[in-house]
Every structure is written in structure tokens, then in C-alpha cells.
Amino acid sequence: MAEFRRRLLVLWLTAGAFLSFVPFLGNLALSFVLGGRFRRRIRTLLENPEAVPVDDPGDPGSPSGRVYVIAGEDSGDFHAASLIRSIRRRAPDVEVRGMGGPRMEEAGCDLDYDLVRMNVMGIGPVLRSLPIFMGLFRDLLRRLDTDPPDVLVPVDYPGFNLRAARLARRRGVRVVYYVLPQVWAWAPWRIRRIARSVDRVLLMLPFEKTLCADGDLPAAYIGHPVYEHLEAETPAAERTADDGPPRTIGILPGSRRAEVRSLLPCMLRAARELRERHPDLRFVLPSQRESLREEIEGIVASEGEGLGVEIVFGRTHEVMRDLDLAMVASGTATLELAYYRVPMAALYRLTRFGALVKRFLLITPWVVLVNIVAGRTVVPEIVHREGLAERTAEALRRWIEEPGELARARRDLEEVRSRLLISGTSDRAAGWVLRQLRKD
């Protein structure tokens, strides 16, 4: 009977996924009513950044218990792995299981399923993957009902993880959500709904603390773990005005197959335009996803003939460190490039429907995380349906041909870097998780 109820609940969740246009229509209606007020509120927060102190969890001791971690994307796998290493170092008796990716497994997590390789986006791929997601939810429900962990740690990935958090908390499992989903960009009123599904959310960006307080969501600002990791593993090199004009251009089309198919041809056309005026430019394409090798090499062979693009797998941050400029898919990679003070053009190709969504639902003045942290346009946002290659080449050409603009861009990125470069992030995250394991 319990298994039958779980199957019904999974079917209900699946129906909700099919009918996701219903909450979209609701958020569209709310954006007309509440959007103006939230836009003014968020713009004020971003354009007038305050120094937000990190929230120290105190000494949670070395408790025992079980933690279940769920990450569904490369960046989430990266953050979760650092968290798991900190948990295992500080509390060796804690058992860590989860769904995620290879980094989590290397960090010592007993992996039930490699969810990162499911990293899909777009209506078609998501619908084709629904049977797999249904099976994963059924397995998760069975675990929550028969052998629940003490703490569930969802890492970003809101489509899957917000549902998982809600199911876990209803069954008495404590939930520490790591990385607040970017609902503040599209539907900030959902923060109050998230508050009903979690015990605490761990924040990476300073302005999120105020928004969570507005929505009665228990939150702790811990800093951004990406910079902590880069500082330890692949620190930035010094850059001076004597470095000379830019010569090495990075091409970073994203970690999802759909992004690569959409953006890489545009980036290669932009590279060709740049090469016509500056024949000594060198192009490098780093990728962390070995599974995308065939796709990337095929597109470069067909669209990048004669450009001599160097493709490097597995050493992304080493390549980033030595770049002069970059064209990059909007996402976490923009923050990584900012750490290395690499001026970039950030691309995001929109469908006609996506352009409509952006026009009516986007609450923040910017899409790119670097601009959101800076509170102004530091990185050109190439967000269009057409003309991506031309606009991208134009943005990079300015830095190649105008040394003053290049120096200004690097100073702006240094400002972003200084705001986010905070040590001890993963240990703080582990401390907040371990606090939930204490029985007092």
C-alpha cells in the first residue's frame, strides 16, 4: 500500500511538471502586479551594495548521523564536493550519501545515481527524461519513508530539488538548502514558499540576505565557494599594464549539450570576424565535460575550419588563468573568469518565447552574475535571438583595439573579485549542516 501511494505521488509530481505552464501563467500575472515594486527593491539593493558579514555557525562539535546531498549540475557537483570534504574532515562519523556527479563521489559520497549526467535543459530533453526522473523520485520517496537521512542538502537545481525539499520536510527530515535558487531574478515572491520547505538556506551572494529576511526565510550568508577553491587550487596570476595587447581568446560555450549546440557556432563566427582584423589572435576552448568531446570537436571541425582552435579538456581553470579575453555562456563561468580578471562577453541565446519571458518576468536589471554582483554593467550581455556573433566580436574588438577600455574592464573585475573572495566558505557550509545533526 505504501508503494502504491508513492507511485501516485510520483504521478502527481509528473503531472505538475507537465502542467508547469500553470504556475508560469500565475507568475506572469503576479509580475504585472508586483513586478514594479520588486524591480525597484532589487535594483536599489544591487546598485547600493552593503558589506554583509558572513554568518558563523559556531562550533557544531563532531556529531554523527546521516546526510543526503542532491546536486544536478556541474557547478552543484563542484560546490557539493567541497561541502562533503569539509563534513568528512570535521565529522568523520557522519555518513554522506546522495545523487550528484563524479566530484561528489571522489569527495567520499556514496552515490546512488549520477544525476549530473542528466543535466538537461529545454522542453524536449526534459520531457524525454521524465521516466528517469519519475524513477528517481520514487526511489527518493522510498528512502524518505523507510530509511530517512537526518538532513537533506539540496544544492541549487530548483526544478528537482525544491520538490525534494518539500517532500523531505513533510516527513520530518531537516533541510539545509545550499545555494539559493535564483528566484529573485524571475519571481522573488516565491521566497516565502521556499521558506515553508527548508530549515535554512545557505547564501553565496551578499544581497540575497536582505531578500531572504524580507521573505521570512532563515538564511546564512557564507560567501562564494568558487573563489575559495580557485584561490587554493589555481590562483590568479598578476596582470599589469605591460602585458601587451590581448592575444589569447577563450571560447567557453557552457556545460550543457544544448548550450554548446546553440552558442558554439556563434562564438566561432565571432572568432572568425576577429581573426580577419587581427590575424595573430589565438583561440582556446576549455571544457570540463569529457562527455561533450564529440559534440565540441564536431562543431569546431565544421564551423571553425582554419581558426586553429585549441580544445583542452579537464584543465579549464588553468586555461582561464592565462586568457586575455573570453566569450562565455552566461552562468557560473562568468564569475570564474572575473576571478582571473579576464574581460568577457557573456552570451545567452533566446528563443522567441524566452525573449517574451525576459521582457515581462525578469526582475533584475541584468542577467549575468558578474553584473549583478557589481551592481552595474561590467560585462556586455549579448542576449539576443539574432546577431550574437557580430555583437560578440564588436564587444571583444573594443578591448583589443583600445588599451584604456581593457584596463578599465580589468579594474571593474578586480572590484567584483574583492567582494566575493572570502575564505572558509566550505567549512562554514559544513558547520551549518552539522548543526542540524545535533540533537539539542
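Colleague: How many salt bridges does the count come to?
Modeller: Side chains of opposite charge can pair when their charged atoms come close. In this predicted model, the count comes to 32 salt bridges.

Colleague: Which residue forms a salt bridge with Asp 214?
Modeller: Arg 41 does, with the closest N and O atoms 3.1 Å apart. Asp 214 lies in helix α10 (residues 208-214) and Arg 41 in helix α2 (residues 21-47), so the pair ties together parts 173 residues apart in sequence.

Colleague: Is Asp 214 buried or partly exposed? And Arg 41?
Modeller: Asp 214 is partly exposed, at a relative accessible area of 38%. Arg 41 counts as partly exposed too, at 32% relative accessibility.

Colleague: What does the salt bridge of Glu 310 and Arg 282 tie together?
Modeller: Their side chains meet at 2.8 Å, N to O. Glu 310 is in strand β10 (residues 310-313) and Arg 282 in strand β9 (residues 282-287), so this pair ties together parts that are 28 residues apart in sequence. Glu 310 is partly exposed, with a relative accessible area of 34%. Arg 282 counts as partly exposed at 40%.

Colleague: What about Arg 293 and Glu 290?
Modeller: Their side chains meet in a salt bridge, 2.4 Å from N to O. Arg 293 is partly exposed at 30% relative accessibility. Glu 290 is partly exposed as well, with a relative accessible area of 47%.

Colleague: Which residues do salt bridges with shared partners join into one network?
Modeller: Arg 97, Asp 110, Asp 112 and Arg 143.

Colleague: On to rings. How many aromatic pairs does a search of the whole structure find?
Modeller: A pair of aromatic rings is described by the distance of the centres and the angle of the planes. The search finds five pairs. Ring pairs link Phe 137, Tyr 157 and Phe 160 into a cluster.

Colleague: Where does Arg 43 lie?
Modeller: Over the face of Trp 366, at 5.9 Å from the ring centre.

Colleague: Now helix α12. What should its 21 residues span?
Modeller: Helix α12 covers residues 257-277.

Colleague: Where does α12 bend?
Modeller: At Leu 263, by about 35°. A proline, Pro 265, follows within four residues.

Colleague: Which residues of α12 are buried?
Modeller: Leu 263 and Pro 265 are among them. The buried residues also include Glu 259, Cys 266, Met 267 and Arg 275.

Definitions and conventions: Residues are numbered from 1 along each chain as its sequence is written. This is a predicted model: local features need pLDDT of at least 70, side-chain atom pairs count only at pLDDT 80 or more; totals for chains, interfaces and linings use all residues. Side-chain values use heavy atoms; hydrogens and water are left out. Rings of Phe, Tyr and Trp (its six-membered ring) pair if their centres lie within 6.5 Å; planes under 30 degrees apart count as stacked, over 60 as edge-to-face and the rest as tilted. A charge sits over a ring if NZ of Lys or CZ of Arg is within 6 Å of the ring centre and within 35 degrees of the ring normal. Helices (H or I, at least four residues) and strands (E, at least two) are DSSP runs, numbered from the N terminus. The expected span of a helix is 1.5 Å times one less than its number of residues. The bend at a residue is the angle between axes fitted to the seven residues ending there and the seven starting there. Buried means under 20% relative accessible area, exposed over 50%, partly exposed in between (1.4 Å probe, protein chains only). A salt bridge is a side-chain nitrogen of Lys or Arg within 4 Å of a carboxyl oxygen of Asp or Glu.
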